[in-house]
Amino acid sequence: MLDKPTSTEVLRLQNIHKSFGGVVAIEDFSLELKAGEIVALVGDNGAGKSTLIKIISGVYTPTSGSISFDGKEASFRDATEAREAGIEVVYQDLALADEQSVYMNMFLGREKTKGPLGMLDRKAMRDETAQLVKELDVRIPSANATIRNLSGGQRQGVAIARATHWATKLVLLDEPTAALGVAETAKVEEIVASLKERNLAVLIISHSLDQVFRLSDRICVLRRGQQIGVRETANTDKNEIVSMITGV
Amino acid sequence: MQQLLELSRRINLSQYVVYIGFLLIFLFFAITLGDDGFLTQRNLTNIILQTAPTTIMAIGLVFVLAAGEIDLSFGSIVAVAALSSAVILGEYPLFYGVLAGLGVGIAIGFFNGVLVAYLRLPSFLVTLATMGLFAGIARSMTNLRSVPVINESFVGFFGSGSLFGVPSLLLWTLGAVAVGHFVFRETKLGAHVLATGDNPRAAQVSGIKVPRVRLMVMMICGGLAGLAGLLYAGRLQAARYTLGESDLMTVIAAVIIGGTALNGGKGTIIGALVGSLMMGMLNNGLILMGLSVSDQMIVRGVIILIAVAISLRDVNR
């Protein structure tokens, strides 16, 4: 195989610029992401990381610049269009419905139905969920469990499993371990790392440099909306990244 | 032992309050009023038939509460719908009368829904206002007069009639519960209602059209309140502005005790049915006990308070 699938470009951002009124949030940002690659987005608070995620996922439209997704020019009008194209987001504050079951969350907004009356196909949803959490090794009591009864790590596991299930191309993770303990963080990192094998492109925002160095292939640094640079994780060290983040 | 404790914690007590309460109240009245006609088939059937309108309102309210909203105006909708239907039936055939009642209910629900879903006004305030607004309209519609319903097929269909020996009010109750339960439990709409009430942002980012869900639940509640109005008009063979006026507390209590969460994300139609029957049985028993109207109100208030407290206790844990 000459043309390995891991080399295909999934996302290309070119000269992205975003301002809110007179305030510039993102200035001239360019980045490309390949399938099976994990890129970390780092920077201080207010550097524009979350804005960038929202631009990619269709929540915001860039003021100028172009986005191409899967080889095609993309201009998502809302998050639904981005999702339909194969982009999934895992939010920092978990977008899960606490009183519902794991499987209903997995299929939230995309429930499977059967028959002429459009009955929910609970069995199919349960089975698929059980299969997926097993594959990703998310340890939950069962697909029937209510989200409220799960730990923080298990919840984030479910959120990532859901994103993985629906993302055909790209998963965006906005500080997926910010609220988790040590053991739970390790588990979630394991799951994130396994997304590579599924040939998904992953863009992860993290405040933990240790985590960034453990997980990523490349690191992209933002400071006050400006792109400071992109480094291969293998060819850089924490000192360089820290000085890029802080500017000293 | 440990496992047993774990199990009891996992099984949500609030879901069963209504069944236990129903049984306790039934046993209490069966023992104390056994000789006073409580246990006769006629009386028990009566309880079920009398609760038909409240059960149907309760089904609508389950949808609204599960979606994280509230409707205080359904009592006024009952009156306006019943009056509209009765007035139309005075001149036009059955079909138009039914259409008027249901149409008015759905239209008021739509009005509430647009304000709640698209203007994002709090449903509590919107429906508090429309409750007064439509109560006023009900009063002015016929200058406080009650309107007799003389259409016999209407009375048979929504009131005293029966099919194969089964009273029509019972059929309406069973039909509404069956359809309500199906839609709530087994369809996408039901799932979206729960998700919207549980975590609107999560529902939104998952592609659920949250405003549309909110509009839908207000319309469902309005439509069912309209149906309840038809049942009142059919049973009493007349419509009056007071119809539905005193049902607000009864219906909300029935739904909450039934196991539906006041703050959304959780609901049950069957629980609401049993809750409504429980409230009806309570009314019936207290009357048979010979309590004065004021004493009935006091006892009912206390019992609702206890039941609601138990229902909500482990939610606030």
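This is a predicted model: local features need pLDDT of at least 70, side-chain atom pairs count only at pLDDT 80 or more; totals for chains, interfaces and linings use all residues.
**Exercise 1. A residue at the surface**

Solution. Step 2: compare with the cut-off, under which a residue with 12 or fewer is exposed. A:Asp137 sits in the loop that lies between α4 (122–135) and α5 (152–166) of chain A. Step 4: look at its backbone. A:Asp137 is not a glycine, yet its phi is positive, at about 60°.

**Exercise 2. A loop residue in chain B**

Task: Find where B:Asn143 lies, and say whether B:Asn143 is buried or exposed.

Solution. Step 1: B:Asn143 belongs to the loop between α7 (123–141) and β1 (147–148) of chain B. Step 2: B:Asn143 has 7 other C-beta atoms within 10 Å, so it is exposed. Step 3: although B:Asn143 is not a glycine, its phi is positive, at about 55°.

**Exercise 3. A glycine in a loop**

Task: Work out what surrounds A:Gly58.

Solution. Step 1: find the residue, in the loop between α1 (49–56) and β4 (64–69) of chain A. Step 2: count again. A:Gly58 has 22 other C-beta atoms within 10 Å, so this glycine is buried. Step 3: list the contacts, leaving out residues up to four places away in sequence: A:Phe76, A:Arg77, A:Asp78, A:Ala79, A:Glu81 and A:Ala82. Step 4: take one of these partners and check the distance. A:Arg77 is 19 residues from A:Gly58 along the chain, and their C-alpha atoms are 6.0 Å apart.

**Exercise 4. A covered strand**

Task: Describe how strand β9 (residues 170–174) of chain A is covered and which strands pair with β9(A).

Solution. Step 1: five of the five residues of β9(A) are buried. Step 3: find the partners. Step 4: follow the chain from β9(A) to β10(A). The path passes through helix α6 (residues 182–197) of chain A, and this β-α-β crossover is right-handed.

**Exercise 5. Two chains side by side**

Task: What are the make-up and overall dimensions of chain A and chain B?

Solution. Step 1: chain A has eight helices and 12 strands, while chain B has 15 helices and four strands. Step 2: check the radius of gyration. Chain B has 20 Å, close to the 20 Å that the globule rule gives for 317 residues, so chain B is as compact as a globular protein of that length. For chain A, 18 Å agrees with the value near 18 Å for a compact globule of 248 residues. Step 3: read off the spans along the principal axes, about 55 × 45 × 40 Å for the C-alpha trace of chain A and about 70 × 55 × 40 Å for that of chain B. Step 4: note the buried share, 44% in chain A and 51% in chain B.

**Exercise 6. The core and the meeting of the chains**

Task: Identify the residues with the most contacts inside the largest nonpolar core, and then find how chain B touches chain A.

Solution. Step 1: the largest nonpolar core holds 173 residues, and B:Leu61, B:Val62 and B:Ala82 have the most contacts inside it. Helix α12 (residues 210–236) of chain B gives the largest share of this core, 17 residues. Step 2: turn to the contact between chains, where 17 residues of chain B meet 18 residues of chain A. The largest share of the chain B side, five residues, comes from α10(B). By class, that side has seven nonpolar, five polar and five charged residues. Step 3: look at helix α10 (residues 188–198) of chain B itself, where nine of 11 residues are buried. Their cover includes α3 (102–106) and β8 (119–120) of chain A, along with α4 (52–66), α9 (168–186), α11 (200–205) and α12 of chain B.

Technical notes:
Residues are numbered from 1 along each chain as its sequence is written. Chains are lettered from A and ligands numbered from 1 in the order in which they are written. Helices (H or I, at least four residues) and strands (E, at least two) are DSSP runs, numbered from the N terminus. The radius of gyration is taken over C-alpha atoms; the globule rule is 2.2 Å times the number of residues to the power 0.38. A residue is buried if 20 or more other C-beta atoms lie within 10 Å of its own, exposed if 12 or fewer, and partly exposed in between; C-beta atoms are placed from the backbone. Two strands pair if DSSP finds at least two bridges between them. A crossover is right-handed if, with the strands pointing away from the viewer, the path from the first strand over the helix to the second runs clockwise. A nonpolar core is a set of buried Ala, Val, Leu, Ile, Met, Phe, Trp, Tyr and Cys residues joined through C-beta atoms within 7 Å. Two residues are in contact if their C-beta atoms, placed from the backbone, lie within 7 Å. Ala, Val, Leu, Ile, Met, Phe, Trp, Tyr, Cys and Pro count as nonpolar, Asp, Glu, Lys and Arg as charged, and the others, Gly among them, as polar.
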